[in-house]
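Dear colleague,

Please find the structure below, together with its sequence. My notes on it follow, and I would be grateful if you read them with the model open.

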Amino acid sequence: MVVRLVAATLRRYHPQAWLPQRVPNRRLATQVKHDPSKLRNMALVAHIDSGKTTLTESVLLQSHYLSSAGSVDTGSTTTDFLPAERERGITIQSASIPVRWKNWTFNLIDTPGHADFGMEVESASRVVDGAVVLIDTVEGVEAQTKGVWRQLDRYDVHSRILFLNKLDRAGASFRSSMLSVLANRLHPRPMAITLPIASFNPQDYTRAEPGIQGLVDLVNWEVWKYDAEGKPAVHALPRTVEELENTELFPPSHPIVPHLLPARVTLLDNLAQVSENLFDVLLNLPEDPSSYLSVQSADILPHLRSATLRNDVLPVLCGSAFKHIGTELLMNYVGELLPSPVDIESNQKALAANAPLRMLAWKVGWDKRKGWMTFVRVYSGTLKSQSAVLNASRNQKEKVSKLLLLYAAEAEEVDSLPFGSVGAVLGLKYTRTGNTLVSVAGSSNALSLRDIVPPPPLMSVSVIPHSHADLEPVEDALNALARTDPSVRVETQEGQLLVHGLGALHLEIVESRLREEWKVNFEFGRRRVSFRECLGSGDISAVGNDWQTEIGGHPVQIKLDLAVTSLEGEEQGDPLWDGNIVLDADGEPVPPGELHANGNDALAHIAKGISSTLSSSPNTTLALSRLRIQLNGFDYPKEVHPSVLAGASAAILRNIVRAAGQGDLMEPYIRLKISVDEGSVGRVVEDLGEHGGEVLDLDATAEEETEPFVGGDAYLPPQWMSPSTGKAAKGTSSRMKRTILAVAPLSQMLDYSTRLRALSGGHGLFQMENHGFRRVSSQRTTDILRELGRM
């Protein structure tokens, strides 16, 4: 009933009201199954505007969950349900939806493509077993394609399928997209599983007509012909060369027919290079050229799956999500090739029905009616509603009230979540993203699962409540928002509220969500980037390791020995400590206070105090970075609660930093790829120089300095297979485009979209990605301090 009322309200107040209501077919909606080998926990990841959400809609339509697909342009998609997502036409938060396809259950997570919402991809990458990576075939591999690829690498998500999307658009190219995969070193063995048929009319190839009307499945040896509504007719291809050359599935002289046999031969030969058993099968085939066509899919798929699980090959499929072409084939291969939780879990005891419960909270959400919703992935045992669990990361007991399967914005209550499942839990009060939850009975032997590390903030803004009465509601709303999005950090400096985020768009969405979801009254101040301060070079040997305070009128003395130095050269800091390193007396890493298994442990309180000082330098109020802090020992009265150590560690570290004096400042840099017309290059390069930028290369064909993978073994179809990029399409204005690679300070690029539009006459395009922090000059230090009001 609540869902109907919400839907009615949306239709009344939103411009999408004229759209026909799409009815979810709940009869076919997924229930959690108890056969984990049929589960596929997978994410859709890509650069922004590559078609992830459109593909999700197509999947939901083909699986009969929806009766009609929504559109990003009209704001009617299932997984983009936030008002800001519908208004802007972009994905802001990841959305999980279970999909039933044949005898498989896909827990599909649609993720954002914009770098400002990288935390959503980070958390999704942590809990999926495989991923479908989309590439816009007009653009090829883009900046955030490589960004999400690295995130998957970081969380050991080795099994991936590449989907070359938007082949219906002018300028799309299957071949160029495959070459960009090799040039950007995504994988050395991309393996074409399907080939596009731009048209069944050979004349369209000579006229360079863009489009896609069919697909060839090289494994199952079938042709898929699609009608105008995206509905396929599947036909088996002939199994001999003579029959293939004279088949009636293609008009006479269709250019793709001579390439089908070489494509299948290359597929099988390349797969045999990583599968000895398949190599033996091919070795025993007769010399007849038709022999490779006689190999059945049942003899290929097991080897292809094993190679995919080992990351020996990268299966490549193609199509157009907008036209629903290739969606069903993609779903088939997701089921056939991507791993199940059983394939990933190395501990066979975790698969037992009576195994102790162990799960990870990978996302926390807030709903006005349901309250806090904690998204979990079950790694062992079975979670049941109305049960008690222990948060092993915080050493706190939690009560589970309800369990839900989430269909984006809608929910379905279930009694249990078995091994391998992804679902949502209601009732958890203390759990945060990255926390491990276990059964209370087996908690003594529980080990925390690998945590989820938020990306470092790059930009901040002050938050100004309208009145004193608005201060507490604004603070509560900010803290609630930071719980749902750990990449948002909130702090108070000199009485001023500051919120830190991953970029300008991220902060815009924070502002929008505070107004629309929490209804609080405030204004945002001027945006500024998040600078860092390094340790100064002053003498700190005279700083004492004693700290005194009073508790209950009695003096308390605490000794705490901290050795503080700067990180050397290219030494990398710990992302959990925002680029610093904190070690115990044995030289082992110390986790931040909130990540300790026992929150009342003395070391946890010391870590909290260190975090407090590192977040705000006594010299500049900036966050400190590139410090190495080693705790060599501590002593405090045993009758005193260990929480007093937080104040001691914060004060002693603050004294050390103050004695060292102000160190070098660092500011975040971004890497830019700018595409402009020939006549605009000079103006753009000059503007970069005036704003502290550095040009790395002109007319770069690859963004990486490393050598591309050599694609000698991969099947690369001819360029004309995507007609609008063939010979007839050459000689267009695209050859007049110049590409500029550069790095620049983020602080100077906040308005670059507007500047580039003016410099290029509206024809310039650019991509940017985080390029880390750099130390600044003394003059720039003076400018930053003046900007911060410290001079």
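**Aromatic pairs and charges over rings**

The structure holds nine aromatic pairs, a pair being two rings of Phe, Tyr or Trp (its six-membered ring) with centres within 6.5 Å. By the angle of the planes, pairs count as stacked under 30 degrees, as edge-to-face over 60 and as tilted for the rest. One of them joins W362 and F375: the ring centres are 5.6 Å apart and the planes stand at 65 degrees, so the pair is edge-to-face. Because W362 belongs to strand β12 (residues 358–367) and F375 to strand β13 (residues 371–380), the pair ties together parts that are 13 residues apart in sequence. W362 is buried, at a relative accessible area of 1%, and F375 is buried at 9%; here buried means under 20% relative accessible area, exposed over 50% and partly exposed in between, with a 1.4 Å probe and protein chains only. Another pair, F634 and Y636, is stacked, with 6.4 Å from centre to centre and 25 degrees between the planes. F634 is partly exposed at 35%, whereas Y636 counts as buried at 12%.

This is a predicted model, in which local features need pLDDT of at least 70 and side-chain atom pairs count only at pLDDT 80 or more, while totals for chains, interfaces and linings use all residues. Residues are numbered from 1 along each chain as its sequence is written, and side-chain values use heavy atoms, with hydrogens and water left out.

Charges also sit over rings, a term that requires NZ of Lys or CZ of Arg within 6 Å of the ring centre and within 35 degrees of the ring normal. K363 lies over the face of F375, at 6.0 Å from the ring centre. The charged end of R774 is placed over the ring of Y669, 4.8 Å from its centre.

**A mixed sheet and its helices**

Four strands form an open sheet of mixed pairing, in the order β28-β29-β32-β30. Strands are DSSP runs of E with at least two residues, and helices are runs of H or I with at least four, both numbered from the N terminus; two strands pair if DSSP finds at least two bridges between them. β28 (546–551) and β30 (581–583) stand at the edges with a single partner strand each, so one side of each is left without a neighbour in the sheet. On average, neighbouring strands of this sheet are turned by 30 degrees against each other, direction ignored. β28 and β29 (residues 554–566) run antiparallel and are joined by six bridges; I551 has H554 in β29 as its bridge partner.

Helix α16 (residues 602–614) packs on the sheet and touches β29, β30 and β32 (627–635), its direction making about 140 degrees with that of β32. Contact means heavy atoms within 4.5 Å. Axes are lines fitted to C-alpha atoms, for helices over the stretch in contact, and angles run from 0 to 180 degrees between N-to-C directions. Helix α17 (residues 644–660) lies across β28, β29 and β32, at about 50 degrees to β29.

**Strand β4**

In strand β4 (residues 130–136), seven of the seven residues are buried. G130, V132, L134 and D136 are on one side, with A131, V133 and I135 on the other. Four bridges join β4 to β1 (residues 39–45) in parallel, and L44 is partnered with V132.

Yours sincerely
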